[in-house]
Amino acid sequence: MSTQMLAGYVGAAPDEIAIVRNTSEANNTVVGGLQLGSGDEVVIWDQNHPTANVAWDVRAQRYGFTVKRVSTPENPESPGQLTKAFTDAFTPKTKVLAFSHVSNVTGVRINAEELCPMARERGIMTLVDGAQTFGTYRVALDEMGCDFYTASSHKWFCGPKEVGLLYVRKERIGDLWPLSVGVGWNDRMQESARKFETLGQRDDSRISAMIEAVDFHDKIGAPRVMSRARQLADAVKEGVQQKLPAAQILTPIQHEMSWGVVVFTVPGLYTDNALAALYEQNVGCAIMGGNVRYSPHFYNTLDDIEVSIDAILRLV
C-alpha cells in the first residue's frame with residue numbers, strides 16, 4: 001500500500017518505486033549498481049550532496065571511469081544558463097548525469113524537466129537527488145524524464161526517519177544491480193524495483209507510516225504546499241534584503257531558479273557560535289561554511305520569518 005501511494009504521489013508506476021532507508025542509500029544504490037568502467041564518464045554538479053558527489057569519486061577509483069564536475073554561474077541570469085553548463089560538459093563518453101534538484105549549498109534549482117530530456121536524447125542516464133524538493137515541490141517523474149530519483153521522508157515530506165524513496169524508470173531496472181541482496185530475494189524481483197528492497201531487518205511501522213504521510217500531503221493539496229513554499233521563501237529573501245542590507249543572498253531571487261531553500265551570508269555574523277545562539281532564541285536553521293540556510297515549510301508563519309531574521313540582526 002505504501003508503495004502504491006508513493007508511486008501516485010510522485011507520478012510513477014508502483015513497480016518503479018523502492019522504499020529504502022534514505023536519500024543516501026538510494027543514491028549509493030545507483031552509484032554502485034550501474035556498470036561503468038574505463039572510458040566511461042559521469043557528469044556531476046559540484047553542489048551535489050556527498051552521496052551524489054564523493055560517492056562517484058570512490059567508485060571511479062575502483063572501476064576506472066572519469067568523474068567530471070560542473071560548476072554553474074554564481075549569479076545565473078536564466079534557467080537556460082544553468083542547463084547549458086551541464087549540456088556543454090557532455091561528450092560521447094558521458095553515460096550518467098547526476099545533479100541535485102535543489103542545491104542544499106546555495107538553494108539554486110535546476111530545471112530537471114528541461115535537462116533530463118536533453119540528456120536522454122543523447123543516451124545519457126540521469127540521477128536526480130530530490131532531497132530538497134520531495135514534499136514541497138510536487139514532481140511528476142513520468143514527465144520529468146529522469147531515470148533515477150531519490151529522496152528522504154524525514155525532510156520536507158514530514159514523514160518518518162529511516163525511510164527513503166528510490167525511483168527507477170522501468171526500462172532501467174534491468175541495468176541497475178542491487179546494492180544489497182538479502183532474505184526474500186528471488187529472480188522474479190529482477191523485473192521491478194522490489195529488487196532494491198531486500199535490506200535485512202527493518203522497522204515496518206515506518207514504512208506503513210508513509211501511507212499517512214502521503215494522505216497528509218494529499219489532504220492539504222500540492223498547489224497549497226507549493227504556493228506556501230514560494231511565499232515563505234520570498235519572505236525570507238525580502239526580509240534579509242530589508243533588515244540585513246549588507247547580507248549577500250546566494251539563492252536566486254527568481255522563482256524559476258529557486259524553491260524553498262534560501263542561503264545567505266551575513267558580514268559580522270560569527271558563525272561558529274551563531275547556531276547555538278539562534279537556537280536559544282527558538283530559531284532553527286543551518287550554518288554551513290559561514291552561510292546561513294533557511295528551509296521554511298508550510299507549518300511556519302510569516303511572523304516566524306520576521307522573528308528569525310530579527311534574531312540574526314541581534315547577533316551582528
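Visitor: What makes domain 1 and domain 2 separate units?

Guide: An automatic or database domain assignment sets the bounds, giving domain 1 (1-219) and domain 2 (222-314). Their C-alpha centres lie 27 Å apart. Residues are numbered from 1 along each chain as its sequence is written. As the model is predicted, local features need pLDDT of at least 70 and side-chain atom pairs pLDDT 80 or more, while totals for chains, interfaces and linings use all residues; side-chain values use heavy atoms, without hydrogens and water.

Visitor: How many residues does the contact take from domain 1 and from domain 2?

Guide: With contact meaning heavy atoms within 4.5 Å, domain 1 gives 22 residues and domain 2 gives 24.

Visitor: What area do domain 1 and domain 2 bury between them?

Guide: Buried area is the accessible area (1.4 Å probe) that two parts lose on being put together, summed over both. Here that is about 1900 Å², 60% of it on carbon and sulfur atoms. Arg109, Thr136 and Trp156 supply 30% of the area that domain 1 buries against domain 2, more than any other three residues.

Visitor: Why is the pair of tryptophan 45 and phenylalanine 86 called edge-to-face?

Guide: Ring centres (six-membered ring for Trp) must lie within 6.5 Å, and planes under 30 degrees apart count as stacked, over 60 as edge-to-face and the rest as tilted. This pair has 6.2 Å centre to centre and 75° between the planes, and is therefore edge-to-face. Tryptophan 45 belongs to strand S2 (residues 41-45) and phenylalanine 86 to helix H4, so the pair ties together parts 41 residues apart in sequence; helices (H or I, at least four residues) and strands (E, at least two) are DSSP runs, numbered from the N terminus.
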